[in-house]
Amino acid sequence: MEKQIVLLVEDQKKMADIVIRILQKEGFEVMYAPNGVVALELTMHTKPNIVLCDINMPEMDGYDFFKHFKATHNSINVPFLFLTANSSYADLRSGMNLGADDYLTKPISRKDLLEAITVRLNKKTALEQEIEKLTNKYAEEIAKKDSCLDEIGWNESHLLRAPIANLMAIIDLLDRSNLNEKNTQLVALLKPLSQKLDDAVRENVLKINGVINKE
């Protein structure tokens, strides 16, 4: 099983080192960035499974990084947790209104950190499994529909072409020696006309199926 990648964006190196040690000890792979600018560069090459991001940082704060991260990457299903030393209600609402998944107040205990990450990753896994289940379900339904359409097309083609084939067989069996000149000419014309009709029916059934399948 591949390691889960945690992106840690934190300008306080001492705090970052503590979090990194905790996460690595639990088997996580950690990408570290001291600010949002560096973090964006890292995510251009590797997509994390979850993000832990400080709010007050130089060059690009946590809120701006969150906006850029969500806008520039296919990161809808990547949990985003804000870290801050300021636990004011205003900051809490600002982060959650942006769409953050959680909000952790520093200093963070090992228990709270791991619990928050585990909960969010489990929800992410459950969502991905549900999406995969729905995708497989719709794929099966589409495959069944295509199979039914193919079968209908074959049946319709068979029903329409069978009488024509019988007519062509009767023409071949006719004893032309007993026919007068006029009837002999008519029979001679019927064979190619029957063949053209058979070809036209077959081509039209295939075209109809093609249009239906595209829809």
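This is a predicted model: local features need pLDDT of at least 70, side-chain atom pairs count only at pLDDT 80 or more; totals for chains, interfaces and linings use all residues.
## Overall fold

The chain contains six helices and five strands. Along the sequence these elements follow the pattern β-α-β-α-β-α-β-α-β-α-α. Of the 215 residues in the chain, 33% are buried.

## Helix 1

Helix 1 spans residues 13–25 and has 13 residues. From its first C-alpha to its last it reaches 18 Å, close to the 18 Å expected at 1.5 Å a residue. Its buried residues are Met 15, Ala 16, Val 19, Ile 20, Ile 22 and Leu 23. Seen down the helix axis, the buried residues of helix 1 fall within an arc of 165 degrees, so they line one face of the helix. Lys 14, Arg 21 and Lys 25 are exposed on the other side of helix 1.

Ala 16 belongs to helix 1. The relative accessibility of Ala 16 is 0%, so this residue counts as buried, the cut-off being under 20%. Ala 16 and Tyr 32 are 16 residues apart along the chain, and their C-alpha atoms are separated by 8.0 Å. Just after helix 1 comes Gly 27, which has a positive phi of about 95 degrees.

In helix 3 (residues 62–72), the residues Gly 62, Tyr 63, Phe 65, Phe 66 and Phe 69 are buried. These residues cover an arc of only 160 degrees around the axis, which puts them on the same side of helix 3. Ala 71 and Thr 72, on the other side of helix 3, are exposed.

Which residues do ring pairs link into a cluster? The cluster consists of Tyr 63, Phe 65, Phe 66, Phe 69, Phe 80 and Phe 82.

A search of the whole structure finds seven aromatic pairs. One of them is formed by Phe 65 and Phe 80, and this pair is tilted. It links distant parts of the chain, with Phe 65 in helix 3 and Phe 80 in strand 4 (residues 80–84), 15 residues apart. Both Phe 65 and Phe 80 are buried. Phe 80 also pairs with Phe 82; the ring centres are 5.1 Å apart and the planes are at 65 degrees, so this pair is edge-to-face, the cut-off being over 60. The table sets out the geometry of these two pairs.

| Ring pair | Centre to centre | Angle between planes | Class |
|---|---|---|---|
| Phe 65 and Phe 80 | 5.9 Å | 40 degrees | tilted |
| Phe 80 and Phe 82 | 5.1 Å | 65 degrees | edge-to-face |

Phe 80 has a relative accessible area of 0% and is therefore buried. Phe 82 is likewise buried, with a relative accessible area of 0%.

## The loop between strand 3 and helix 3

Ile 55 sits in the loop between strand 3 (50–54) and helix 3. With a relative accessibility of 3%, Ile 55 counts as buried. Ile 55 is 27 residues from Phe 82 in sequence, and the two are 6.6 Å apart in space, C-alpha to C-alpha.

Glu 59 lies in the loop between strand 3 and helix 3. Is Glu 59 buried or exposed? Glu 59 is exposed, with a relative accessible area of 67%. Although Glu 59 is not a glycine, it has a positive phi of about 70 degrees.

## A cis peptide bond

Lys 106 and Pro 107 are joined by a cis peptide bond, with omega about -5 degrees. Pro 107 is in the loop between strand 5 (102–105) and helix 5.

## The largest pocket

Rolling a probe the size of a water molecule over the atoms shows where empty space is left. The largest pocket has a volume of about 180 Å³. Its lining is made up of Glu 2, Lys 3, Gln 4, Ile 5, Glu 29, Asn 49, Leu 121, Lys 124, Thr 125 and Glu 128.

Which helix gives the most to the lining of the largest pocket? Helix 5 (residues 110–173) does, with four residues. By class, the lining has two nonpolar, three polar and five charged residues.

Conventions:
Residues are numbered from 1 along each chain as its sequence is written. Side-chain values use heavy atoms; hydrogens and water are left out. Helices (H or I, at least four residues) and strands (E, at least two) are DSSP runs, numbered from the N terminus. The expected span of a helix is 1.5 Å times one less than its number of residues. Buried means under 20% relative accessible area, exposed over 50%, partly exposed in between (1.4 Å probe, protein chains only). The arc is that of the directions from the helix axis to the C-beta atoms. On a 1 Å grid over the protein atoms alone, a cavity is a set of points where a 1.4 Å probe fits but cannot get out, and a pocket is an open set with protein on both sides within 12 Å along at least five of seven lines; lining residues have an atom within 4 Å of a point. Grid points are joined across faces, edges and corners, and a volume is the space filled by probe spheres set on the points. Ala, Val, Leu, Ile, Met, Phe, Trp, Tyr, Cys and Pro count as nonpolar, Asp, Glu, Lys and Arg as charged, and the others, Gly among them, as polar. Rings of Phe, Tyr and Trp (its six-membered ring) pair if their centres lie within 6.5 Å; planes under 30 degrees apart count as stacked, over 60 as edge-to-face and the rest as tilted.
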